[in-house]
Amino acid sequence: MSEPPADAETFLAVTDSIADLQPGLSILEAGLLAGLHLKLAADSRSFARVFGVEHALVLRAVETLSGEAELLAVTERNQKTQRARYEATPAGLAILDHLHG
């Protein structure tokens, strides 16, 4: 049987831990990494829906994390819906690995 999705307390704790490790990230950007780490969302539309955030704000955070921060890589983008699927880059994985240490 698979594990249940993380609860809100776990998500917030992981988000805070990521923000502490990378103080230059916004809470939304840290939350995107936390959601990916906890397997809550691996695309922008799902994250926006699950967490009640405007999709445009999520897309902006994805662009920051995949651009200048180089913590995410966009693996697919739907031109019609603008849904962006993403995964952690090696630099992003290095941050997420610190959560287990």
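Reply: The dialogue below goes from the overall fold to the ring pairs and then to the salt bridges. Please keep in mind that this is a predicted model.

Me: Let us begin with the fold. How many helices and strands are there in the chain, and in what order do the elements run from the N terminus on?

Reply: One lists the elements and then follows their order. The chain has 5 helices and 2 strands. Read from the N terminus, their order is α-α-α-α-β-β-α.

Me: What radius of gyration does the chain have, against that of a compact globule with 101 residues?

Reply: A compact globule of 101 residues would have a radius of gyration near 13 Å, and the chain agrees with this, at 13 Å. Along the principal axes, the C-alpha atoms fill a box of roughly 40 × 35 × 25 Å. Of the 101 residues, 35% are buried. Contacts may also be sorted by separation in sequence: among those between residues at least 6 apart, 49% join residues at least 24 apart.

Me: What does the accessible surface of the chain come to, and what share belongs to carbon and sulfur atoms?

Reply: The accessible surface is about 6200 Å², and carbon and sulfur atoms account for 52% of it.

Me: Now the aromatic rings. How many aromatic pairs are counted, and why is the pair of Phe11 and Phe51 called stacked?

Reply: The count is 2 aromatic pairs. For each pair one reads the distance between ring centres and the angle between planes; planes under 30 degrees apart count as stacked. The centres of Phe11 and Phe51 are 4.4 Å apart and their planes stand at 25°, so this pair is stacked. Phe11 belongs to helix H1 (residues 8-21) and Phe51 to helix H3 (residues 44-51), so the pair ties together parts 40 residues apart in sequence.

Me: Which pair is tilted?

Reply: Phe47 and Phe51 form the tilted pair, with 4.5 Å from centre to centre and 40° between the planes. These two residues are 4 apart in helix H3, which means that about one helical turn separates them.

Me: Let us turn to charged side chains. How many salt bridges does the structure hold, and what does the one between Arg85 and Asp43 tie together?

Reply: The structure holds 4 salt bridges. For each one, the closest N and O atoms are examined; in the bridge between Arg85 and Asp43 they are 3.5 Å apart. Arg85 lies in strand S2 (residues 84-88) and Asp43 in the loop between helix H2 (27-37) and H3, so the pair ties together parts 42 residues apart in sequence. Asp43 is buried, at 7% relative accessible area, while Arg85 is partly exposed at 33%.

Me: Where do Glu63 and Arg77 lie?

Reply: Glu63 and Arg77 form a salt bridge whose closest N and O atoms are 2.6 Å apart. This pair links distant parts of the chain, with Glu63 in helix H4 (residues 55-66) and Arg77 in strand S1 (residues 72-77), 14 residues apart. Glu63 is partly exposed at 40% relative accessibility, and Arg77 is partly exposed at 29%.

Notes: Residues are numbered from 1 along each chain as its sequence is written. This is a predicted model: local features need pLDDT of at least 70, side-chain atom pairs count only at pLDDT 80 or more; totals for chains, interfaces and linings use all residues. Side-chain values use heavy atoms; hydrogens and water are left out. Rings of Phe, Tyr and Trp (its six-membered ring) pair if their centres lie within 6.5 Å; planes under 30 degrees apart count as stacked, over 60 as edge-to-face and the rest as tilted. Buried means under 20% relative accessible area, exposed over 50%, partly exposed in between (1.4 Å probe, protein chains only). The radius of gyration is taken over C-alpha atoms; the globule rule is 2.2 Å times the number of residues to the power 0.38. Contact means heavy atoms within 4.5 Å. Accessible areas come from the Shrake-Rupley method with a 1.4 Å probe; for residues, only the protein chains shown count as cover.
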